[in-house]
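These are my notebook entries on one protein structure. I set down what I looked up, entry by entry.

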Amino acid sequence: MKRQLRLSRREFLGAATAGLAVGLESRDTGLAAPQNPSSPGAVDSDIAQLREVFLNPPDSARPMTRWWWFGGAVAPGEITHELELMRKAGLRGVELQPVYPLETDVPARGIHNVAYFSSEWFDLLRHTARETRRLGLQFDFTLGSGWPYGGPFIPAELGARRLRLLSQDTAGDREFTWNLAPHIVAEEKLVAVVAAPVLPSQQPDLGRTRVITDQVREIVSNNLRVGMGLECWHVPEGEWRVMVLIDSPTGMQVKRPTVGMEGLVLDHFSREALELFLRATGDRTLAELKALGFPAINSVFCDSLEVYGADWTTKFMEEFHRRRGYDLAPYLPALWEDAGPLTPHVRYDYHQTLSDLIIENFFRALAAWSEKNGLRARVQAHGAFGDVIEGYANAHIPEGENIFLGDRYQVNLRHRRLASSAAHLYSKPVASAETYTWLRVPLFLTTLEMMKAATDSTFLDGINQIVNHGYSYSPPEAGDPGRVFYASTLINHANLWWRHYPHLAKYVQRAAALLQQGVSVNSVAVYLPLADVFAEFGLGALRVDEELEKRLGKELFEELRRSGYDFDLINDRALDQRSQVDQGKLRVGTGEYTVVIVPGARFVPPGSLERLAEFATGGGTVIFIGRCPEAPPGLSQRVAREDKFRAVVEKFDCASERARGILLALGSGKTAFAASIAEGLSLLHSALEPDFRILAAGDGSEGALKIARENVGFLHRRRASSDFFFLSNLSNQSQNLLVQVKVSHRRAERWNLEDEGSAEPLIYSSTASGGRDLTSVQLRLAPFESCFVVFGEADGPPVVARSNFWGRLDIESNGAANLIRGRAEENARYWVETPSGRRYQFVVRGIPKPVLLDGPWSLRLGGASPVSLSNLRSWNELGEGKSFSGWGTYEIEFDFAGSDKDFEWVLDLGRVHETAEAELNGVALGAAWKGTRRLECGDALKVGKNRLIVRVANLWIHHMKSVPAADLSTLSETYGIRWGRYGELEATELPPSGLVGPVRLVPLKRWSLKI
């Protein structure tokens, strides 16, 4: 019975898993059948279930989109129209976010801004809920408008607050008075007055501070404070600094609000403030939608915490005393300036208290309110003033972000890795990301190819759900390109490439569906030195994610990835309170770590250090890079905690010379100290085999290998006993790769993410290294191509272990014989090698040169009359095309002499700016929107006369550069310009447009080989 190893979608879906692999009999190879502890039946069942998800991905894996309503200027008919377009394009649903108005009311043009939470606004919201339900779309809702949370109902006392300082230096022995009334406004509250001796170093002496708040007197008239002052305080001898600390509102307003939602940002440390906000927005919205009789909203959304200057809350002093066990007042000077050795400990306690408050009173409370109302909370925690991982951990769906040139292969700690790590540490199966934000500036420069690369970059950081940023509500009266959000990629019906967007949406759905299966396999955990960040910074809104990224840098993480290791970030709370040591592994949530790297941490809480010691003695490996931990952070019970800390840190012995650069035994595990990142990676490699390594690339040179490692990324997931890898080439070069993965004696298959999904066998072999069985796999990734490599149960060794042919293979087995087929583009001598080392050579001859379709071409830009082109060139070089944005139609007639039956022909469009579709002799060949822009001709190519039509869309930037800037004076006078204008840059040069070519018909010769 023949078994074919390159399967169509139908064959792939219907085939038994065992039929996807072919083995040679052991007498032919000399290899014994591999021993695998996993049950073959179990693995086959896992693979079958994965295959079903891959071929029929659920709607839940489709991309979501943020949907902006500008100023509430929307109408029911257009709402329905746009929702229908979204559904048709392959979107799963919408996340509605009301934002700033873009136009004033113009009745003649149908422009009518609807105030937020008016009866008319709720009518529109109910219509949207009904229509999303009818269309089977998910409906998520941003509470309030714009970001961060806040609005007109937030009073000054519940708005974002900061600690403000007044300071005067004085000298004793004398009486000191200070009239504070001119310096403290009505919304402000006195926190404390502290006097500290000034040391010769000009630092305040924390050991001798005096709290003199009781010396302040207020003068009140008619319940209003009309005066305040520090009465005569007797200054002791010496230099003194008197510091007045004031609880003050930041005054920050909600960014980008719609009409009627202008107001203060709430105090994120205050439960009272959040509860007021939820009553005013969430409870009100749910009450208005209740009459629909069905759950209208799936999730509520919280955007990134871009809160500026907030570092205080009115009840902070009481909360600090309750949580830290001492009065902060005498130590307040340390928050303002360096006050000696106690400064980092005071600052740590201060920031840890703020972190506790925002976690409990905002993130956890928001999730609890959502659950109480049958909703989920999808939350962006980056920007928070505390433990960002804990912020994500309290969301039902942690959401990161892809921003600024996000289409490169790079580790994004701040916006993505913190979110995906939290998902793994806290067993959350889905981690989403706002994607394509500011992908290029100015606007209208983003292509589908860039978006595909940005999608893959996001996936490679552990994200497995895409939220488009985004879809602008844009009715016909808005013209072209219509209404546009200032910071987004325009992913709506007005974009020129919208009709090809479904290809990207389908890709996202299929990839995300598989990436939501099983668990992420990351063997390395990188400890977050959060205590060091807390200990370093005093007053001022501390954006923890930014500071962690600055402190840790990118070198460690990028080198980990290029060396073949994936990782999660781990915080103190997860390490101390959620982790368990089991059989040499540190298990936290779905994470299972063999090595923990501690990069440059000075302060480590004793609980975290104890767990690391338990991990190492229990069989794990702990590698310190740059420095050894020096002390536990914080003042509470400091002496006892330091004694405990020293007892644990001595176990690691990382401060001694003998621990430098080598792995030392610690219990049944190992520990080491590395002076540099390079030394740390060397130690890591000695302790742990890489999960995925690119062994060779391209021509086999070091240069080609370097390029491949910098541009090809991997992500490893495991479902029960099945392993699968997502691989992506984020470059414009083809990559011929020999990779090695830490999977033993498993059949390797390639699952293709496009063309409705298909499977094909891969060239692979099993090897051994350091007592571990590994698998080497050979494959090619075209520019911006990605795929899954899936490892099933082996039913014998592979048919082909090595080859110099890099194309895709079909393999059929008939007893002891194997028939291998492929398609070659170049005349050459090829060979394939079996696992036994036997090499079979074959020669491919007679492939003619590609047929160049060099013109003349007919080109019609939009509805204009056609022009004749003797050669293909950018529209920028055509007088009528330089300022044209739209679709151009190319036509050419050519003679084709034909070829024998062994050839298949591919249409290679060459350079395309930016997306194209082709029709040959009336047969649609498909869309070419990324990568090599090649399309199979199939039976459409005829001997004799042929007619080719190529339709190409460019970008809106060409048109926008040629039109005058909009007059915003009326809008500014009425509502103000409420969006950030820092992206409104002038395009310095325009990208090319149209079909640049060369356009060729490329022959592929079919070959076959029996072995």
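What radius of gyration would a compact globule of 1011 residues have, and what does the protein have? I noted that a compact globule with 1011 residues would have a radius of gyration near 30 Å. The protein has 32 Å, which agrees. I record here that the model is a predicted one.

**Entry: overall dimensions and content**

I took the box along the principal axes and found that the C-alpha atoms fill roughly 105 × 80 × 55 Å. I then looked up the secondary structure and found 23 helices and 52 strands in the protein. Of the 1011 residues, 60% are buried. I also looked at contacts with a separation of 6 or more, and 78% of them are accounted for by residues 24 or more positions apart.

**Entry: helices H7 and H9**

I next turned to helix packing. Two packed helices are described by the angle between their axes and the distance between the axes. Helix H7 covers residues 316-324 and helix H9 covers residues 343-372. I found that H7 and H9 pack at an angle of about 105°, with their axes 10 Å apart. Because 65 to 115 degrees counts as roughly perpendicular, H7 is roughly perpendicular to H9.

I listed the residues in this contact. H7 contributes Phe316, Glu319, Phe320, Arg323 and Arg324. These meet Asp349, Tyr350, Gln352, Thr353, Leu354, Asp356, Leu357 and Glu360 in H9. By class, I noted five nonpolar, two polar and six charged residues in the contact of H7 with H9.

**Entry: helices H12 and H13**

I looked up a second pair, helix H12 (residues 448-460) and helix H13 (residues 501-515). Their axes come within 11 Å and cross at roughly 10°. Angles under 35 degrees count as roughly parallel, so H12 is roughly parallel to H13.

On the H12 side, the contact is made by Leu448, Met451, Lys452, Thr455, Asp456 and Phe459. On the H13 side, I noted Tyr501, Leu504, Tyr507, Val508, Ala511, Ala512 and Leu515. The contact of H12 with H13 has ten nonpolar, one polar and two charged residues.

**Entry: a six-stranded sheet**

I traced an open sheet of six strands in the order S19-S18-S23-S24-S26-S25, and its pairing is mixed. Which strands stand at the edges of this sheet? I found strand S19 (567-570) and strand S25 (664-666) there. Each has a single partner strand, so one side of each is left without a neighbour in the sheet. Ignoring direction, neighbouring strands of the sheet are turned by 25° against each other on average.

Strand S24 (residues 621-625) pairs with strand S26 (residues 669-674) in the parallel sense, over five bridges. Here isoleucine 623 stands opposite alanine 672 in S26.

**Entry: backbone exceptions**

Most residues other than glycine have a negative phi, and most peptide bonds are trans.

I noted a cis peptide bond from histidine 469 to glycine 470, with omega near -15°. Glycine 470 lies in strand S16 (residues 465-472). I noted another cis bond from glycine 855 to proline 856, with omega near 5°. Proline 856 is found in the loop between strand S41 (851-852) and strand S42 (857-861).

For positive phi, I recorded tryptophan 438, which has a value of about 50° although it is not a glycine. Tryptophan 438 sits in the loop between strand S15 (432-437) and H12.

Phenylalanine 444 is not a glycine either, and it has a positive phi of about 75°. I found phenylalanine 444 in the loop between S15 and H12. At 17% relative accessibility, phenylalanine 444 counts as buried, because the cut-off is under 20%.

Note on methods: Residues are numbered from 1 along each chain as its sequence is written. This is a predicted model: local features need pLDDT of at least 70, side-chain atom pairs count only at pLDDT 80 or more; totals for chains, interfaces and linings use all residues. Side-chain values use heavy atoms; hydrogens and water are left out. Axes are lines fitted to C-alpha atoms, for helices over the stretch in contact, and angles run from 0 to 180 degrees between N-to-C directions. Helices (H or I, at least four residues) and strands (E, at least two) are DSSP runs, numbered from the N terminus. Angles under 35 degrees count as roughly parallel, over 145 as roughly antiparallel, 65 to 115 as roughly perpendicular and the rest as oblique. Contact means heavy atoms within 4.5 Å. Ala, Val, Leu, Ile, Met, Phe, Trp, Tyr, Cys and Pro count as nonpolar, Asp, Glu, Lys and Arg as charged, and the others, Gly among them, as polar. Two strands pair if DSSP finds at least two bridges between them. The radius of gyration is taken over C-alpha atoms; the globule rule is 2.2 Å times the number of residues to the power 0.38. Buried means under 20% relative accessible area, exposed over 50%, partly exposed in between (1.4 Å probe, protein chains only).
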